[in-house]
Amino acid sequence: MKHRTLNIVADENIPQLEALFGPLGSIRRLPGRDMSPDALVDADLLLVRSITRVDRALLEGSRVRFVGTATIGTDHVDLDYLAGRGIAFSSAPGCNADAVVEFVLTVLYQLASEQGFSLRDKTLGIIGVGNVGGRLQQRLERLGVRLLLNDPPRAAASPEGFVTLDELLSQADIVSMHTPLISDGPYPTRHLLGSLQLAQLKRGAILLNAGRGGAIDNRALLDVARRRQDLTLVLDVWEHEPVVDPELAQRVRFCSPHIAGYSLDGKIRGTYMLYQAVRRLFGIGDAVAFESCVPEATIRMVDVSAQVEPLELMRLLYDPFRDDRELRATLGLPEAERGQAFDRLRKNYPVRREFATLKVRGDLDESRARELAALGFSVELA
């Protein structure tokens, strides 16, 4: 079906826009934090990521018919306003879930190496068992890790297999946060972990947040971190992004600028999901194939010995020390400049590929081959 040319305004950090949306109309790229009503007056489509607040203040007076966010989360979008205006909406649930899972696994394997433990000897609690938490659950189960799961909305529908938040916090050696940010309703998650909850963490626990910064009260977390040096903190998300509290960051083992989901594969998957939603809305046929939009990985295959450690392969694709080093280098800047530096790190983030893009070939014993496959690598026995 023939369609009219569309005017598209998009976040400059969304990849493969030209390949997918170019045939549909004109594209204007803007920084996500600089979206303004003036820029949207003649726009038909608005494509954003997580840092643009989409609401009446931004869209009133525009002719926008579709808003898409190339992210899992939607807390930055006023969905009620869009529905009231009859503006179609789509997010990209699950697009970068594997990337976040692999961020978590890499950091945990690194901490296991540093602290001298095996994940199989730990109890790991997952708070929020949706797209990301659910996939993390699947990989950890294949690895043989004991899990505790907390997700009140899912537990309300089917309570088997879930524990309360208090049980999880008091029993888990490792706590991994993967909740959306919800301020009200029956299951709010803003400040889900405050002073009372953080006090329940086991001695020597690891707390990792790669979900939403506001799910943990960062002021309360700083107070706990000052008193409890036994805790290991890993924060990819921060309550007041793009401004990071320097003192809190200094007490975190690995800090990063909200990039856990920043694999190239996940970003392109998010763009493609919005493209498919627009095609359905406007009745556009002749889809571009997803595979044609994803470049071949630079490192596609490695030959390994029987003694290869999984962390060696993980670090080929993702180096948590790099992100930690880059963010720490900004902490001495004035507050406004810190926020700008945070955004620059996200904008200029290097290409990162997912585990599945790497084929591991070698004379591996059965247990190591199973472990690598459970982690998500493609394994070929020599």
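Visitor: What do the numbers and values rest on?
Guide: In this predicted model, local features need pLDDT of at least 70 and side-chain atom pairs count only at pLDDT 80 or more, while totals for chains, interfaces and linings use all residues. Residues are numbered from 1 along each chain as its sequence is written, and side-chain values use heavy atoms, with hydrogens and water left out.

Visitor: Why is Asp236 called buried?
Guide: Buried means under 20% relative accessible area, exposed over 50%, and partly exposed in between, with a 1.4 Å probe and protein chains only. Asp236 has a relative accessible area of 1%, so Asp236 is buried.

Visitor: What makes the pair Asp236 and Ser256 a polar contact?
Guide: A polar contact is a pair of N or O atoms within 3.5 Å; within protein, one must be able to donate a hydrogen and the other to accept it, and residues adjacent in sequence count only if both atoms are side-chain atoms. The side chains of Asp236 and Ser256 make such a contact at 2.7 Å.

Visitor: Why is Gly261 called buried?
Guide: Gly261 has a relative accessible area of 7%, so the label buried applies.

Visitor: Which residues does Gly261 touch, not counting those up to four places away in sequence?
Guide: Gly261 touches Asn96, Ala99 and Val100, where contact means heavy atoms within 4.5 Å.
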